[in-house]
Amino acid sequence: MFKYLNPKRFYHAVGKKAFLEFLLSIVFLGFFYLPLIYSGILAFANKYQYPSIMPEEFGFNWWKFILSRDNLLGSIFNSLIIAILVTVLSLLICLPASYALARYKFKGKSLVMLSYLLTNAFPKMCLYVSIAIVFYKLNLMGTYVGVIIIHLINTIMYMVRLPMGAFSKIHKEQEEAARDMGASKFQTFRDVTLPLAIPSIAISSIFTFLLSLEESQGTMVVGFPQISTMATEMYAVIMDFPVTAGAVFSMLLIIPGLIVIFAFRKYISADAISIK
């Protein structure tokens, strides 16, 4: 086994194609995971001075500092409540639209599908400022309703497009067989269509929840300072304290995402998202 640690021996053992695939995998993993690993190292640094690569002293000083902040629990509570409400509202609003776009043909369908992408076609800050002007006239500035609407604007594309692909792959014959057995349209959707699309719906729900958790710019423009979330609180920490404090807060932001992914892991596997 250890002889394959030699790059030349490994190259000749696996062949050129497998060796290149191995190198690309290493680059891919390093691109995504090295920043996360380094952030985890900095989170446990008591002393760190740029341009040093590694901390001079490890410990939990910054963890104690961050966890002792008065508004930490409030920001965590706001983030979780807003993310849950945004996910539930996205399901209620977007699933009917997603099913209709996947199943029916009507005039202007392409324009409707394009409209879901427009919110991601412009710089977000310009969009938030324009919305803030409207929200100011509607007295939605500094309110939970205003923040939730901003989050919905960012997540609606995922909640429409991903389930739409699942609905379009479900054979109509399965729905027609249920209707022939006497099931109503609602029963057919509930008992046949929806279970087959659950993996894609679960994935889009995870995307929605995580995007809501990390949304900061729109929340700051519309909700700050009345409403503080973990993402907006992290901005304050990064600007006022050393990078090690920001690394601690980034680790705290990762925890809810890991819990959600672990809870829905059976829906996000390759076997779960394939519809036969």
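User: Thanks! Which residues do ring pairs link into a cluster?

Analyst: Keep in mind that this is a predicted model. A search of the whole structure turns up nine aromatic pairs. Ring pairs join four residues into a cluster, namely Tyr-99, Tyr-104, Phe-167 and Phe-189.

User: Is Thr-193 buried or exposed?

Analyst: Thr-193 sits in helix H9, which covers residues 185-214. Setting aside neighbours within four places in sequence, its contacts are Tyr-99, Phe-167, Ile-170, Glu-175 and Thr-188. The cut-off for a buried residue is under 20% relative accessible area. Thr-193 has a relative accessibility of 1%, so it counts as buried.

User: How far apart in space are Thr-193 and Glu-176?

Analyst: Good one to check in your viewer. Along the sequence, Thr-193 and Glu-176 are separated by 17 residues. From C-alpha to C-alpha, the distance between them is 11 Å.

User: What is the geometry of the aromatic pair formed by Trp-62 and Phe-65?

Analyst: Trp-62 and Phe-65 are three residues apart in helix H3 (residues 61-67), so about one helical turn separates them. Trp-62 counts as buried at 19% relative accessibility, while Phe-65 is partly exposed at 27%. With 5.5 Å from centre to centre and 85 degrees between the planes, the pair is edge-to-face.

User: How many residues apart are Phe-65 and Phe-241?

Analyst: Phe-65 and Phe-241 form an edge-to-face pair, with centres 4.7 Å apart and planes at 65 degrees. Phe-65 belongs to helix H3, whereas Phe-241 lies in the loop between helix H11 (230-240) and helix H12 (243-263). Phe-241 is partly exposed, at a relative accessible area of 28%. The pair links distant parts of the chain, and the separation is 176 residues.

User: What is the radius of gyration of the protein chain?

Analyst: The protein chain has 13 helices and two strands. For 276 residues the globule rule gives 19 Å, and the chain is well over that, so it is more spread out than a compact globule. Its C-alpha atoms fill a box of roughly 70 × 65 × 30 Å along the principal axes. The radius of gyration is 24 Å.

User: How far apart are the mean positions of the positive and negative charges?

Analyst: The protein chain carries 23 positive and 14 negative charges.

Note on methods:
Residues are numbered from 1 along each chain as its sequence is written. This is a predicted model: local features need pLDDT of at least 70, side-chain atom pairs count only at pLDDT 80 or more; totals for chains, interfaces and linings use all residues. Side-chain values use heavy atoms; hydrogens and water are left out. Helices (H or I, at least four residues) and strands (E, at least two) are DSSP runs, numbered from the N terminus. Buried means under 20% relative accessible area, exposed over 50%, partly exposed in between (1.4 Å probe, protein chains only). Contact means heavy atoms within 4.5 Å. Rings of Phe, Tyr and Trp (its six-membered ring) pair if their centres lie within 6.5 Å; planes under 30 degrees apart count as stacked, over 60 as edge-to-face and the rest as tilted. The radius of gyration is taken over C-alpha atoms; the globule rule is 2.2 Å times the number of residues to the power 0.38. Lys and Arg count as positive and Asp and Glu as negative; His and the chain ends are not counted. The place of a charge is taken as NZ of Lys, CZ of Arg, CG of Asp or CD of Glu.
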